[in-house]
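My notes follow as numbered points, to be read alongside the model.

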Amino acid sequence: MKNLLPLLLMIALATGLLALAADTASEKLILKSKMGNVTFLHAKHAEREKGDCKVCHDKLWPQSATAPLGWAAGMHKPAEAKKTSCGACHHPKGPAFSSVGNCTNSKCHVKG
Ligand code: HEC
Ligand code: HEC
């Protein structure tokens, strides 16, 4: 029982830090677009990756709301082909829907 204490303390600390980190990230990011703005549900995306921030940070993006996304440039096909930016997951046969056929069907671009 005595040997368990340091372990329990470490778990408590780790989960505490995780909760703190999750709190500092915004719920969602609005990506402005002439096609209609895209709402990126940040919290939902992190939740689906089981809170593993490393899936995206800093591999795909820094933890910044102002750094370039590298997605809109050249439209989405190049990113999907190279599996960079949002295209790392959002590509044909990937874990998430691809851009083709999903522009404005309320999955991504919403006008007004
Ligand atoms: C599915 C990918 C993904 C995951 C997982 C993810 N993020 Fe992010 N995060 C983003 C994107 C995209 C941006 C915006 C990047 C840009 O504008 O260049 C961002 C921006 C941020 C920002 C800056 C914006 C703000 O709201 O202040 C912080 C802080 C952040 N993320 C923290 C986290 C933390 C902590 C986790 C894990 C709990 C996490 N992120 C998981 C994709 C992700
Ligand atoms: C780590 C993988 C991953 C990355 C990177 C990622 N997504 Fe997603 N995204 C998903 C998954 C998984 C879903 C839910 C499955 C589906 O709907 O196909 C999803 C769903 C969405 C949805 C539907 C609303 C929701 O969240 O449920 C939108 C909009 C979206 N993503 C936009 C983006 C944008 C924009 C980016 C880049 C800034 C991005 N995603 C990057 C995995 C990812």
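1. Is H45 buried, partly exposed or exposed? H45 is partly exposed, as its relative accessible area is 27%. On this scale buried means under 20% relative accessible area, exposed over 50%, and partly exposed in between, computed with a 1.4 Å probe on protein chains only.

2. A word on the ground rules. This is a predicted model, in which local features need pLDDT of at least 70 and side-chain atom pairs count only at pLDDT 80 or more, while totals for chains, interfaces and linings use all residues. Residues are numbered from 1 along each chain as its sequence is written, chains are lettered from A and ligands numbered from 1 in the order in which they are written, and side-chain values use heavy atoms, with hydrogens and water left out.

3. Now to the iron atom of ligand 2. Its protein donors are H45 and H90, each through NE2, at 2.0 Å. Donors here are N, O and S atoms within 2.8 Å of the metal (3.2 Å for Na, K and Ca); water is not among the atoms, so sites may look incomplete. The arrangement is octahedral because the 6 donor atoms subtend angles of 87 to 179°. For six donors, that label requires opposite donors over 155 degrees apart and all others between 65 and 115.

4. H45 sits in helix 2 (residues 42-48) and H90 in the loop between helix 3 (76-82) and strand 3 (109-110), so this pair ties together parts 45 residues apart in sequence. Helices (H or I, at least four residues) and strands (E, at least two) are DSSP runs, numbered from the N terminus.

5. What surrounds ligand 2? There are 19 residues around ligand 2, the closest being H45, R48, C86, C89 and H90; a residue belongs here if one of its heavy atoms lies within 4 Å. By class, this shell holds 13 nonpolar, 3 polar and 3 charged residues. Ala, Val, Leu, Ile, Met, Phe, Trp, Tyr, Cys and Pro count as nonpolar, Asp, Glu, Lys and Arg as charged, and the others, Gly among them, as polar. A backbone N or O atom of F97 also comes to 3.1 Å from an oxygen atom of ligand 2.

6. The iron atom of ligand 1 is coordinated by NE2 of H42 and NE2 of H57, at 2.0 Å. Its site is octahedral too, with angles of 88 to 179° among the 6 donor atoms. H42 in helix 2 and H57 in the loop between helix 2 and helix 3 are 15 residues apart, and they link distant parts of the chain. H42 is buried, at 18% relative accessible area.

7. Around ligand 1 there are 18 residues, with S26, H42, C53, C56 and H57 the closest. Helix 2 gives the most to this shell, with 3 residues. The shell divides into 12 nonpolar, 6 polar and no charged residues. Backbone N or O atoms also approach oxygen atoms of ligand 1: that of A67 at 2.6 Å and that of S64 at 3.2 Å.

8. Finally, please look at S85, in the loop between helix 3 and strand 3. S85 counts as buried at 5% relative accessibility. Its side chain reaches the backbone oxygen of L69 at 2.8 Å. Beyond neighbours within four places in sequence, S85 is in contact (heavy atoms within 4.5 Å) with L60, W61, L69, G70 and W71.

Terms used: Four donors count as tetrahedral if all angles lie between 85 and 135 degrees; four count as square planar and six as octahedral if opposite donors are over 155 degrees apart and all others between 65 and 115; anything else is irregular. A polar contact is a pair of N or O atoms within 3.5 Å; within protein, one must be able to donate a hydrogen and the other to accept it, and residues adjacent in sequence count only if both atoms are side-chain atoms.
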